[in-house]
Amino acid sequence: MTAKIIDGKAIAQEIRADLAKHVAQLTAQGNTPGLTVVLVGDNPASKVYVRSKQRACEEAGINSTVHRLAEETTQEELLDLITQLNADSTVHGILVQLPLPGHLNEEEVINAILPEKDVDGFHPINVGKLQIGAGGFVPCTPAGILELVKRTEVPIAGQNVVVLGRSNIVGKPVATLFLQENATVTICHSRTKDVAAEARRADILIAAVGRPKLVKRDWVKPGAVVIDVGINRVNGKIVGDVDFEEVKEVAGAITPVPGGVGPMTIAMLLKATVEAAARG
Ligand code: NAD
């Protein structure tokens with residue numbers, strides 16, 4: 001049996017079309033949602049991400065501004081810009097594209113963003129709200145993964161969800177989201193004794209490790225849903241953390257890379273910006 005391919009691109013497009021309608025309503029009320037992205041330095045991957053975020057905003061009718069700062073920008077200059085953006089009522093969402101150049105203190109920069117404008121969900125207030133289910137902003141990739149699984153009508157409550165990776169931007173928050181949906185969640189990481197054995201217990205397996213084709217056919221229970229978060233560049237090609245060709249022969253459903261989780265991340269960023277504007 002070959003797995004159903006979960007088309008993240010098509011699902012994200014549906015979400016973006018719905019958001020565009022909401023944006024039009026807000027605009028008619030004189031409250032066009034606005035996202036400001038801050039990009040420091042010349043990281044080529046970051047430039048590509050920022051361009052696609054900007055394009056998606058424009059398509060949905062969201063005002064998007066990009067502040068491109070030089071690599072040698074100081075911490076003080078960056079913090080001054082965040083203070084200005086915090087005070088600007090036309091800016092509903094602020095996103096500082098990570099990673100920042102090494103001389104800058106990321107934690108201090110993220111902490112400076114007003115939690116109400118932190119559409120990336122990285123501010124400690126939003127991280128804490130996620131833990132207690134208090135409705136702050138949720139990091140976009142985990143939010144996109146949950147939305148993708150829900151829209152694929154995969155049952156979650158009571159299922160075994162295994163997350164590979166425990167980063168603050170993907171692994172931990174996605175585990176929390178599925179726990180809140182009443183799944184039984186296991187988090188694996190680089191020190192887990194037998195990752196393959198844990199993965200084989202999953203009804204829903206989420207791979208967010210950053211190792212090309214780590215997840216093999218014999219890591220996957222027949223019929224399981226496999227969500228591949230990985231974005232790895234191998235010989236100029238983008239591949240996921242899952243060996244797609246092998247695993248699609250055993251999984252019940254699987255996300256491709258590209259075209260799975262990636263487009264959902266951007267759709268969730270737009271959704272958060274629209275929510276921030278709607279909250280006023
Ligand atoms: P990270 O490097 O911060 O974290 C990787 C995690 O994997 C760590 O917690 C580590 O303990 C764990 N790990 C390492 N080896 C392991 C192994 N053999 N088995 C199980 N766990 C292991 O990475 P990240 O920022 O969470 O990103 C993970 C991947 O997801 C990367 O490829 C990244 O590019 C991709 N990503 C994609 C999107 C998207 O929009 N699709 C967004 C964010 C990250």
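User: How many cavities of 30 Å³ or more are there?
Analyst: The count comes to 1 cavity of 30 Å³ or more. A cavity here is a set of points, on a 1 Å grid over the protein atoms alone, where a 1.4 Å probe fits but cannot get out. This is a predicted model, where local features need pLDDT of at least 70, side-chain atom pairs count only at pLDDT 80 or more, and totals for chains, interfaces and linings use all residues. Residues are numbered from 1 along each chain as its sequence is written, and side-chain values use heavy atoms, with hydrogens and water left out.

User: What volume does the largest cavity have?
Analyst: About 40 Å³, taken as the space filled by probe spheres set on the points, which are joined across faces, edges and corners.

User: Which residues line the largest cavity?
Analyst: The lining includes Ile94, Leu95, Val96 and Phe122; a lining residue has an atom within 4 Å of a point. Strand E4 (residues 93-96) gives the most, with 3 residues. Strands are DSSP runs of at least two residues (E), helices of at least four (H or I), numbered from the N terminus.

User: Now the ligand. How many residues surround the ligand?
Analyst: 21 residues surround the ligand, and Ser167 and Ile231 are among the closest. To be near, a residue needs a heavy atom within 4 Å. Helix H10 (residues 261-279) supplies the largest share of this shell, 3 residues.

User: Which atom of Arg166 is 2.9 Å from a ligand oxygen?
Analyst: A polar backbone atom of Arg166. A polar side-chain atom of Arg211 lies 3.4 Å from a nitrogen atom of the ligand.

Notes: Polar contact = N/O pair within 3.5 Å; in protein donor to acceptor, adjacent residues only side chain to side chain. 1 Å grid on protein atoms, 1.4 Å probe; cavity = no way out; pocket = protein on both sides within 12 Å on 5 of 7 lines; lining within 4 Å.
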